[in-house]
Amino acid sequence: VHKAECTTARSFGQMQLKVCQAFEGSQACSIPELLVYVRGRILLLVLDGVDDVLAKTPNQLRDCIVQLLQGCDGLSIILTCCKPVGVAHEHIVAVPPLEDSDVAALIRSRSPPGPAGNA
């Protein structure tokens, strides 16, 4: 599993760099170079928070996803954003907001333990 945190990417170029950086060991700095690295492998790529890139450069984002999927048969992509991307075979899964109690439980489960004696 390779995760590209794209929430801070403000352009397609920044997102592309984050995608390449998600594959440690790869010297790729472009999608065609990355395809050489990933070809023949079974991989999952998580593109988290591509909303800004989708809003600013939807065609480039779609083309990139298609290029990745067509260039690597063993690649699956999970993409998180608020709107559909619009690529073939896209499966949309709506994720509702968490309830307040679930948010609190999630934060507690992920927080480091406090000093002894603190509740």
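This is a predicted model: local features need pLDDT of at least 70, side-chain atom pairs count only at pLDDT 80 or more; totals for chains, interfaces and linings use all residues.
**Surface and overall shape**

I started with the surface: the protein chain exposes about 8000 Å², and carbon and sulfur atoms supply 56% of that area. Areas here come from the Shrake-Rupley method with a 1.4 Å probe, and for residues only the protein chains shown count as cover.

Residues are numbered from 1 along each chain as its sequence is written, and side-chain values use heavy atoms, with hydrogens and water left out.

Next I looked up the radius of gyration, taken over C-alpha atoms. The protein chain has 17 Å, whereas a compact globule of 119 residues would be near 14 Å, by the rule of 2.2 Å times the number of residues to the power 0.38. Along the principal axes, the C-alpha atoms fill a box of roughly 55 × 30 × 25 Å.

I then checked burial: 30% of the 119 residues count as buried (buried is under 20% relative accessible area, exposed is over 50%, partly exposed is in between, with a 1.4 Å probe and protein chains only).

**Elements and core**

I find five helices and three strands in the protein chain, running β-α-α-β-α-α-β-α from the N terminus on. Helices (H or I, at least four residues) and strands (E, at least two) are DSSP runs, numbered from the N terminus.

For contacts I use heavy atoms within 4.5 Å. Among contacts between residues at least 6 apart in sequence, 61% join residues at least 24 apart.

The largest nonpolar core has 28 residues, and Met15, Val19, Phe23, Leu34, Leu45, Leu61 and Leu68 touch the most other members. H1, H2, S2, H3 and H4 each give two or more residues to this core. A nonpolar core here is a set of buried Ala, Val, Leu, Ile, Met, Phe, Trp, Tyr and Cys residues joined through side-chain atoms within 4.5 Å.

Not counting residues up to four places away in sequence, Leu45 touches His2, Val19, Ala22, Phe23, Leu68, Leu75, Ser76, Ile77 and Ile78.

**Helix H4**

I checked the length of H4 (residues 58-71): its 14 residues should span 20 Å at 1.5 Å a residue, and the end C-alpha atoms are 20 Å apart, which agrees. The expected span is 1.5 Å times one less than the number of residues.

Which residues of H4 are buried? I get Leu61, Cys64, Ile65, Leu68 and Gly71. Down the axis of H4 these fall within an arc of 145 degrees, so they line one face of the helix. The arc is that of the directions from the helix axis to the C-beta atoms.

Leaving aside neighbours within four places in sequence, Ile65 is in contact with Ile77, Leu79, Val85 and Val87.

**Helix H2**

Buried residues of H2 are Ile31, Leu34, Leu35 and Val38. They cover an arc of only 105 degrees around the axis, which puts them on the same side of H2. These buried residues pack against H1, S2 and H4. After H2 comes Gly40, with a positive phi near 90 degrees.

**The S3–H5 loop and H5**

I looked at two residues in the loop between S3 and H5. Cys81 lies in this loop and is partly exposed, at 25% relative accessible area. Not counting residues up to four places away in sequence, Cys81 touches Val50, Asp51 and Leu54.

His89 is found in the loop between S3 and H5 too. Is His89 buried or exposed? At 74% relative accessibility, His89 counts as exposed. Its phi is near 65 degrees, a positive value in a residue other than glycine. Most residues other than glycine have a negative phi.

Last stop was Ser109 in H5 (residues 100-110). Ser109 is partly exposed, at 48% relative accessible area. I get 37 Å between the C-alpha atoms of Ser109 and Gly40, which are 69 residues apart along the chain.
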